[in-house]
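Please look at the side chains in the structure below. The paragraphs that follow take up pairs of charged groups and pairs of aromatic rings.

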Amino acid sequence: MDIREAFKEIKADKFRPVYVLYGKDRYRMGQFIDALTGFMFAQEEREMGIVKFDTAESALDEAVLEAETPPFFIERKLVLIRDVSVMAAGGKENAKLEHRPETLLRYMDNPLPSSVIVFAVHADKLDERRKLVKALKDRGSIVAFPEMEIQELKQWLVKRAAEQKRTLTAAAAELLITRVGVGTGQLSQEVDKLCLHAGEGGVIDAEQTALLTAATVEEDVFALIDAIAELRIDKALGMYHQLLVRREEPIKIAALIARQLRIMLQIKELEGHHYSPQQMAGHLGLHPYAVKLAAEKAKKFATGRLGALLAALAELDYNMKSGLIDKALGLELYLLSLGVSKGA
């Protein structure tokens with residue numbers, strides 16, 4: 001079932017007997033549970049109406065039995081189950097517990113109208129080989145919460161600001177994603193802080209976002225790599241010194257540079273095999289937006305140069321960790337050497 005469709009159903013007071021929520025976006029998964037709770041109960045009813053289980057600690061039978069039991073003094077009951085074993089792909093079951101999926105399958109044939117069961121599956125994928133998962137999928141009970149595509153994420157941020165009667169520009173949304181990443185939980189906190197600063201009716205632009213959010217080490221490393229590509233060694237050294245002022249570890253900075261160069265090298269290789277950006281993201285285990293940014297930077301480098309830069313960093317890493325060279329000085333000398341070895 002689509003996330004929007006699921007939200008529409010609960011807003012219309014139409015609750016399915018069972019929901020299975022899973023995916024990387026745990027923040028929006030939590031939002032769905034909060035929304036469902038808000039529509040099912042008044043504030044004072046929640047303590048009595050919500051019963052929680054964990055499949056790592058309780059057998060599935062116990063949760064189903066709770067769902068079969070009518071609620072006391074209130075009209076509805078929400079059985080909330082945290083699951084890492086019954087439906088998760090690669091989930092490990094507690095050897096001391098016996099989960100009997102057939103109990104839930106029987107319950108779904110004749111569910112109690114006053115009860116709603118919600119599985120919050122803490123996994124990126126479900127095990128679709130399992131009979132229970134197949135049955136729930138056929139009934140439209142499964143709601144996936146994948147990471148949003150970058151354009152959808154921008155729209156989500158703009159909408160969140162609009163709900164608070166603020167205007168977030170597209171450029172500000174993009175900068176926010178670049179600085180904070182694609183995690184909706186942290187993004188929501190940052191946009192809420194910006195909204196608080198802007199005030200009702202205020203406009204949040206890229207300039208304000210740059211001033212009121214902190215640049216990450218990853219963002220600075222991206223800019224440093226740009227300077228390396230352009231052979232702007234003075235600029236690269238300036239950025240490096242700023243990172244040292246912020247007390248960032250030289251070994252960590254070197255590791256982040258190496259990681260980005262390695263990703264760029266992998267992207268070049270995959271592009272040679274005609275992989276699409278989406279396929280590359282899946283192969284590398286990255287968000288498509290991260291692949292897009294790295295691919296843009298990879299165009300500035302020849303494959304051989306990327307390999308040479310990585311080899312030199314590997315040697316530097318060994319020397320820094322072995323105490324053969326001072327860490328801060330070692331990375332500075334590495335950056336200086338790039339201006340000499342232009343043909344590398």
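D127 and R129 join their side chains in a salt bridge, 3.0 Å from N to O; a salt bridge is a side-chain nitrogen of Lys or Arg within 4 Å of a carboxyl oxygen of Asp or Glu. D127 is buried, with a relative accessible area of 8%, while R129 is exposed, at 70%. Here buried means under 20% relative accessible area, exposed over 50% and partly exposed in between (1.4 Å probe, protein chains only).

This is a predicted model, in which local features need pLDDT of at least 70 and side-chain atom pairs count only at pLDDT 80 or more, whereas totals for chains, interfaces and linings use all residues. Residues are numbered from 1 along each chain as its sequence is written, and side-chain values use heavy atoms, leaving out hydrogens and water.

A salt bridge also joins D192 and R160, again given as 3.0 Å from N to O. D192 lies in helix α9 (residues 184-198) and R160 in helix α7 (residues 150-163), so this pair ties together parts 32 residues apart in sequence. Helices (H or I, at least four residues) and strands (E, at least two) are DSSP runs, numbered from the N terminus. D192 is partly exposed at 26%; R160 is buried at 16%.

Now turn to the aromatic rings. F7, Y19, F32 and F145 form one aromatic cluster. Rings of Phe, Tyr and Trp (its six-membered ring) pair if their centres lie within 6.5 Å; planes under 30 degrees apart count as stacked, over 60 as edge-to-face and the rest as tilted. The whole structure holds four aromatic pairs. One of them, F7 with F32, is edge-to-face, with 5.3 Å between centres and 80 degrees between planes.
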